[in-house]
Each structure stands twice: as C-alpha cells, then as structure tokens.
Amino acid sequence: MNRPVKHLYIHIPFCARRCAYCDFNTYANLEHRITAYVAALCAEIDMLAADPDAQSSHDTALPPTIFFGGGTPSMLTLEQLEQVLRAASRIIPLEAAEITLEANPGSVLGNGTTAPAYLRGLRDLGVNRLSLGVQSLHDPTLRILGRTHTAEEAHRCFAEARRAGFDNINLDFIFGLPGQTPAQWEATLEEVTTWGVDHFSLYSLILEEQTPLYAQVLRGQISLPDDDATAAMYEAAMQRFAAAEYAQYEVSNWARPQNHEPRTANQGNGNGEDIGLPTPACRHNLAYWLNSDYLAAGAGAHGHVYPRRYANLCGVDSYIDAVQAGRRPLDDVIDLTPQDLYAETMFMGLRLNIGVSRAHFRRRCGVAMEEIFGATLAELTELGLLEQDASAVRLTPRGRMLGNQVFARFV
Ligand code: SF4
C-alpha cells in the first residue's frame, strides 16, 4: 500500500561566510536572495505535495521527520521558517514530527540579545531537535577552519538552547583537523562530555579539492594528522564517550543512554524485534540508514523515493528561476534497480551498531537477505568483518575499522 513519504529534507544554502574546508552546496553573500529563495522553497514543497510519485510503498515505525540542513538554516528568520513549515505541513504532520534544525553558534549568537528569543521562537514553531555545528573547542583551530564562533560562544549557545527548552541537542565535531594533536582532541572530548549534551556526531575531516584548506595543505602551509593519528582520535572518542556513558549507535553517532528505550521505533514495526536505540538517536538520519524513502526540497537537495533518486539544481538563481517558471527544479533523476535497493539497504544499515535486521531487509526489498547476499555474508563473516545471528547481520569491531571495504562488497 502506498502512503505519503514521511521524511522531508529541506536545504538552506546560505552561510555568513564559507569555511575553509567546506564543499557543501552553500553560498556566502547571497543574503539578499533569501526572501525569494524561501518563496521558491514553499512552492517546490507544494509541488512535492501534489506529486503522485511522492508516495512510498515502504514504511517503518519511525515518526515523520523534517530536517533543515545547510548551509546555515539559522540564517532564516522565525517568520521565514514558519512559512516553510506551513508548506511542509502539507506533507508531514508537524505535531507528530521530529523537526531538526542545523544551526551555527555564530549565526544564533549573531542575533545578539535576541538569541534567547530566537531559540525560544524555534521551539514555539515546533523545532524539537537542534544540531549545533561546534566542530572544535580549540580557538586557533576554529580560526583556521574559518568558523565564526569561539569555544566559549559554542558553550554559551548550547546553554541558551537548553534554557530555551531544547531537550534534544546534537553537537557536531570534526577530528583530524589541521595541526590537531591528540592532547587537544582529548581536551575537547573531556570538556564536552561534562556539558550534558544529548547527542554527538563526529566526522573525520575530508580534505576536498577546490577548498581553500586543500590549497593550503598543497602549498605546505598547514599539515593534517596522518591516518594513524586520525584513527587514534576516533578510538579516543569511542573510549571517552563510553566512559561518559554515551551509547554509540552508528559509525559517527552517539546518544545519551539515560533515555534508553527498551523497544524502538526503529526497525521494530511491531514484529517483535527488540532493538533498543537511545531516545535522542536522530530519527531523520535513521530513515537514511534504513534506506527509507525521503523527499528533499531546496537547491542541490537529493531525494530518494524508490525506484528513483533525484537531485535538484545547485545554484540559488537557477533553482529560483525553475520554480518561478512552474517547473520542478530537477537537475538529475536516476532510475534505481532492485540491485541498487539491496546494496543500499545493506551498506547503509551496516553503519548502525544494531546492523541490518533480516526482517527489515525482507520488508524493504521483498526478498530474503540470504538469497541475495548469502555468499558475501559467509565470506565476510569468515574474515571476521561481520557477525550474524538469526535476526540480524552487523559489523564486528574489526569490520567497523574497515567499514568502507565491507560496504564496497555489497555494491
Ligand atoms: S557553516 Fe557549514 S555549510 Fe556553511 S560554510 Fe561552514 S561548513 Fe559549510
């Protein structure tokens, strides 16, 4: 049975300035286009709401979700966000939804004395999950990265968000940063685990070509920790979070354990699977890891409604022009095969510590996991990279260190 797609990603491609490492689809100095962009975004969401193909044949027990990502969504005013949410409510029932907004401490505090009011306004609009791009607590590193905040401001922003009523706050951090030493990283972990944060996402720096940071590394002006040092930082994070009783539930994600749900919402679907994810686990990202269908709106946004994936035009002007001309702002539409569906269900799901449940694979793909991947599973298990039981397949600790090699075997 087909139902409306339950997950919506909304891209806000504006930033106060570009960070030195960033290759996301985002633009500085385009603030004067935000009003027109918001109008186009609402019109695109209306088109999605009316699209008969924006229906999903697959369901999970996840709640509906909306995720404002960027760019810097916190550059939008409360009125602009309200406009977009009103449009989104034609697809997603807001009262039942997890609504996440990515924010930069610099842009929130840049609102000056109105920062508390802005944060309370977000809560009043129904935003119930805030994701702050902190990245580092080492001020010289923040400056090299081109971030617009200091460590003290990041902490103040977190505290203000708590005071405003956010009880589900994620902090993003990056490791493997220019000049970063193990001692600096340890100090960051030590401090941030005392803040009472609900959720952490950690990413290893990926040096992208075409970024100022890449050019600086190439010229030898700055150096990055080598692979061994970066792997050691990841291990240090695993140990430090475990000691602070954070539960790792995905390769890059940890959540507070005190809100543990005995049965989840995740792949459970009433079939008796007892998965046990921490409550602050990001439901929107779980939809990606479960290879669910999701819609996406905004410049450069990517949506996935099997058997199709689509990508929107990246440029702000070309995006606005297409929507104003009454067209979906599509840049590319890719038809997916059942083999794509099988592979993506495996390698996205294996990112989760709970792995891929056999029942979930069958529901999503309509066929038994063993029938498609029996030989691959046996071989990876023999190599000590996967472990299996009657209900699920998951990475071993060794498989986790070699995750990309394991994922490639399913493609
Ligand atoms: S704030 Fe985020 S999206 Fe914007 S430039 Fe920096 S890294 Fe990129």
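Select helix 1 (34-50) and helix 11 (residues 316-324). Their axes come within 9 Å and cross at roughly 50°. Helix 1 and helix 11 are therefore oblique to each other. The crossing is left-handed.

Some terms for this stop. Helices (H or I, at least four residues) and strands (E, at least two) are DSSP runs, numbered from the N terminus. Axes are lines fitted to C-alpha atoms, for helices over the stretch in contact, and angles run from 0 to 180 degrees between N-to-C directions. Angles under 35 degrees count as roughly parallel, over 145 as roughly antiparallel, 65 to 115 as roughly perpendicular, and the rest as oblique. A crossing is left-handed if the near helix is turned anticlockwise from the far one by less than a right angle, and right-handed if clockwise.

This is a predicted model: local features need pLDDT of at least 70, side-chain atom pairs count only at pLDDT 80 or more, and totals for chains, interfaces and linings use all residues. Residues are numbered from 1 along each chain as its sequence is written, and side-chain values use heavy atoms, with hydrogens and water left out.

Next, select helix 12 (residues 338-349) with helix 14 (residues 369-382). The two axes come within 11 Å and cross at roughly 60°. Helix 12 and helix 14 are therefore oblique to each other. Their crossing is right-handed.

Now the backbone. Most residues other than glycine have a negative phi, and most peptide bonds are trans. Pick Asn29, in the loop between strand 4 (27-28) and helix 1. Asn29 is not a glycine, yet its phi is positive, about 60°. Move to Gly70 and Gly71, joined by a cis peptide bond with omega about 15°. Gly71 sits in the loop between strand 6 (65-70) and helix 2 (78-88). Then go to Tyr306 and Pro307: the peptide bond between them is cis, with omega near 15°. Pro307 belongs to the loop between strand 14 (302-305) and strand 15.

Stay there for the second largest pocket. It holds about 270 Å³ of space. Of its 19 lining residues, the closest to the centre are Asp51, Asp53, Ala54, Val305 and Arg308. Strand 5 (55-56), strand 15 (308-312) and strand 16 (330-335) each give two or more residues to the lining. Strand 15 has the largest share, 3 residues. By class, the lining has 9 nonpolar, 4 polar and 6 charged residues.

The search runs on a 1 Å grid over the protein atoms alone: a cavity is a set of points where a 1.4 Å probe fits but cannot get out, a pocket is an open set with protein on both sides within 12 Å along at least five of seven lines, and lining residues have an atom within 4 Å of a point. Grid points are joined across faces, edges and corners, and a volume is the space filled by probe spheres set on the points. Ala, Val, Leu, Ile, Met, Phe, Trp, Tyr, Cys and Pro count as nonpolar, Asp, Glu, Lys and Arg as charged, and the others, Gly among them, as polar.

How many cavities of 30 Å³ or more does the whole structure have? The search finds 1. The largest cavity has about 90 Å³ of space. Select Arg3, Pro4, Val5, Lys6, His7, Ser56, His58, Asp59, Thr60, Ser292 and Asp293 to show its lining. That lining has 2 nonpolar, 5 polar and 4 charged residues.

Last stop: the ligand. Around it are Cys15, Arg17, Arg18, Cys19, Tyr21, Cys22, Phe24, Thr26, Gly71, Thr72, Asn104 and Arg147, each with a heavy atom within 4 Å. The shell divides into 5 nonpolar, 4 polar and 3 charged residues.
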